[in-house]
Amino acid sequence: MKIATWNVNSIKARLENAVSWFREAKPDIVCLQELKCEDSAFPTAAFEDLGYHCLVHGQKTYNGVAILSRMQPEDVRRGLPGDEADSQARYLEAVFSIPSGVVRVASLYLPNGNPIGTEKFAYKLAWMNRFENHVRHLLKLEEPCVLAGDYNVIPEARDARNPEAWLGDALYQPESRSKFRDLINLGLSDAIRQIHGDEAGLYTFWDYQAGAWQRNNGIRIDHLLLSPQAADLLADAQIMRDVRAQDRPSDHVPVMITIK
């Protein structure tokens, strides 16, 4: 089974690219982020024609997450628990039945948090606290679980071509990185690191500015974190960096894992 995550940075602007990639990569489940459209505006027909069910939690102009799957989604959760007043569309979760049981998949778009010292950074940290609490609950279920998305966190210096350039950014603050480590310490596995170890140069995002793509000035902020039961099934994990070279690309690329 192939499960992927991809921040498309506007599904309307990237629809042709997305459809082309789906046809080529043939993923079974894809978690999309930053749709920038409401549920009714999502191009459902384009993906249904490819054989996918479309589960969407959208928001006009900003945010928005989706899970596209070849299997029917069950036990759907829209929104991260812990704050009923939070209206931002950043979390979507569903269960999928497979021959060996079930797999639970979440698509998440963690807050950016910039600029530091503002309510946006406080919201990021509070969201991460809520996410950690929810992950504790999910781990108690003892089932294969894949938490996939744009985490807006650079975990370590090796996850950036030029880490010094990010010292003043919310993505690389000690508080953000510490909370990411807290997730790992709960028992989650970083799929890319599980397969590729300490390898450097593994990036998922290249800014549109200053020739970042051409200079390979990237960072790794798109992650698939796995429960122990999912980690035991992991066979491969790859960053699909060639997608960044397409015409009018997203500034992120898909990351895809294969589980047995």
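Predicted model: local features only at pLDDT ≥ 70, side-chain atom pairs only at ≥ 80, totals over all residues.
Which residues lie nearest the centre of the second largest pocket? Residues are numbered from 1 along each chain as its sequence is written, and side-chain values use heavy atoms, with hydrogens and water left out.

**View A. The second largest pocket.** Nearest the centre of this pocket lie Asn112, Asn152, Phe205, Asp251 and His252, out of 15 lining residues. A pocket here is an open set of points on a 1 Å grid over the protein atoms alone, where a 1.4 Å probe fits, with protein on both sides within 12 Å along at least five of seven lines; lining residues have an atom within 4 Å of a point. The space amounts to about 210 Å³, a volume being what is filled by probe spheres set on the points, which are joined across faces, edges and corners. By class, five lining residues are nonpolar, five polar and five charged (nonpolar: Ala, Val, Leu, Ile, Met, Phe, Trp, Tyr, Cys and Pro; charged: Asp, Glu, Lys and Arg; polar: the others, Gly among them).

**View B. The largest pocket.** Here the volume is about 370 Å³. Of its 16 lining residues, Asn63, Gln88, Arg90, Asn112 and Lys120 are the closest to the centre. Helix H3 (residues 119–140) gives the most to this lining, with three residues; helices (H or I, at least four residues) and strands (E, at least two) are DSSP runs, numbered from the N terminus. The lining holds four nonpolar, seven polar and five charged residues.

**View C. Helix H1 and its neighbours.** In H1 (residues 15–25), Asn17, Ala18, Val19, Trp21, Phe22 and Ala25 are buried, meaning under 20% relative accessible area with a 1.4 Å probe, protein chains only. These buried residues pack against strands S1 (2–7), S2 (29–33), S4 (65–69) and S14 (255–259), and against helix H2 (44–48). Just after H1, Lys26 has a positive phi of about 55 degrees.

**View D. Leu183 in helix H4.** Leu183 sits in H4 (residues 174–185) and counts as buried because its relative accessibility is 2%. Leaving aside residues up to four places away in sequence, Leu183 touches Phe131, Glu132, Val135, Tyr151, Leu188 and Leu225 (contact: heavy atoms within 4.5 Å).

**View E. Gln33 in strand S2.** Gln33 belongs to S2 and, at 0% relative accessibility, counts as buried.

Definitions and conventions:
Buried < 20%, exposed > 50% of the residue type's maximum accessible area, 1.4 Å probe, protein only.
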